[in-house]
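Please read it alongside the sequence and the coordinates.

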Amino acid sequence: MESTTSGTILFRNTMRITDGHLDGFRRAVTQAVAFTREHGPQLMVEVFIDEERMLAHSFQLYRDSDAIRTHWRLSDPYIRGVMEHCTVQHFEVFGEPDPDIVAALRTPGGDGFPFTVSPRLAGFNRLAPWATQPGH
C-alpha cells in the first residue's frame with residue numbers, strides 16, 4: 001500500500017464540562033473557534049458536544065509542531081477561557097510532535113492531565129486541494 005509522508009498532528013481533546021457551566025462553555029468555545037478560524041494555523045478544528053454526559057470532544061489538525069507552538073502562543077487567552085468551564089478528561093495526540101510539545105502537554109500551567117501519543121503508521125490526506133476550492 002502506498003502512503004504519503006506527513007508531519008500532520010491530530011489532537012483529540014475530551015473535556016468534562018463543569019456542572020452549571022454549559023452555557024459558558026458554549027460561549028467560550030464559540031469565541032475560541034472564531035478566533036482560531038481567523039488567526040490560527042490549524043488545518044481543521046471541530047468541536048462536538050454530548051450534553052447528556054456533559055462531555056465535549058475537540059479535534060484539531062496541525063501541519064506540524066511549529067503550527068502547534070503558534071496556536072498555543074496566539075490562543076492562550078481563549079484556551080484559558082474555555083478551561084474555566086471544563087476539565088480535560090483525556091487528551092490524545094496522533095502523529096509525532098517534537099519533544100518540547102510532548103513535554104508541554106505533561107505540565108501545561110503546572111497541571112497535568114492524562115494523554116497518549118500514537119505515532120503515525122500510514123495514511124494520506126486530501127486537505128490541500130479541498131482547501132483551495134471556493135468557499136473554503
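The secondary structure of the protein comprises four helices and five strands, where helices (H or I, at least four residues) and strands (E, at least two) are DSSP runs, numbered from the N terminus. The model is predicted, so that local features need pLDDT of at least 70 and side-chain atom pairs count only at pLDDT 80 or more, whereas totals for chains, interfaces and linings use all residues. Residues are numbered from 1 along each chain as its sequence is written, and side-chain values use heavy atoms, with hydrogens and water left out.

**Overall fold**

- Along the sequence, the elements follow the pattern β-α-β-β-α-β-α-β-α.
- Of the 136 residues of the protein, 32% count as buried; buried means under 20% relative accessible area, exposed over 50%, and partly exposed in between (1.4 Å probe, protein chains only).
- Among contacts in the protein with a separation of 6 or more, 74% come from residues 24 or more positions apart, a contact being heavy atoms within 4.5 Å.

**The sheet**

- The five strands form an open sheet in the order β2-β3-β1-β4-β5, with mixed pairing; two strands pair if DSSP finds at least two bridges between them.
- The edge strands are β2 and β5, each of which pairs on one side only.
- Neighbouring strands of this sheet are turned by 15 degrees against each other on average, direction ignored; axes are lines fitted to C-alpha atoms, for helices over the stretch in contact, and angles run from 0 to 180 degrees between N-to-C directions.

**Strand β3 and its partners**

- Strand β3 spans residues 55–62 and is mostly covered, with seven of its eight residues buried.
- Strand β1 (residues 9–17) pairs with β3 in the antiparallel sense over eight bridges; in β3, Phe59 is the bridge partner of Arg12 and His57 that of Thr14.
- Strand β2 (residues 44–50) also pairs with β3 in the antiparallel sense, over seven bridges, and Met44 has Leu61 of β3 as its bridge partner.
- A hairpin is formed by β2 and β3, with four residues between them; in the turn, Met54 has a positive phi of about 55 degrees.

**Helices against the sheet**

- Helix α2 lies across β1, β3 and β4 and runs at about 10 degrees to β1.
- Helix α3 lies across β4 and β5 and runs at about 160 degrees to β5.
- The buried residues of α3 (residues 99–106) are Ile101, Val102 and Leu105.
- These residues cover an arc of only 100 degrees around the axis, which puts them on the same side of α3; the arc is that of the directions from the helix axis to the C-beta atoms.
- They pack against α2 (65–83), β4 (86–94) and β5 (115–118), while the face turned away from the buried side of α3 carries the exposed residues Pro99 and Arg106.

**The largest pocket**

- About 900 Å³ of space lies in the largest pocket; on a 1 Å grid over the protein atoms alone, a pocket is an open set of points where a 1.4 Å probe fits, with protein on both sides within 12 Å along at least five of seven lines.
- Grid points are joined across faces, edges and corners, and the volume is the space filled by probe spheres set on the points.
- Of the 34 lining residues (an atom within 4 Å of a point), the closest to the pocket centre are Asn13, Trp72, Ile79, Arg80 and Met83.
- At least two lining residues come from each of β1, α1 (22–39), β2, β3, α2, β4 and α3, and α2 supplies the largest share, nine residues.
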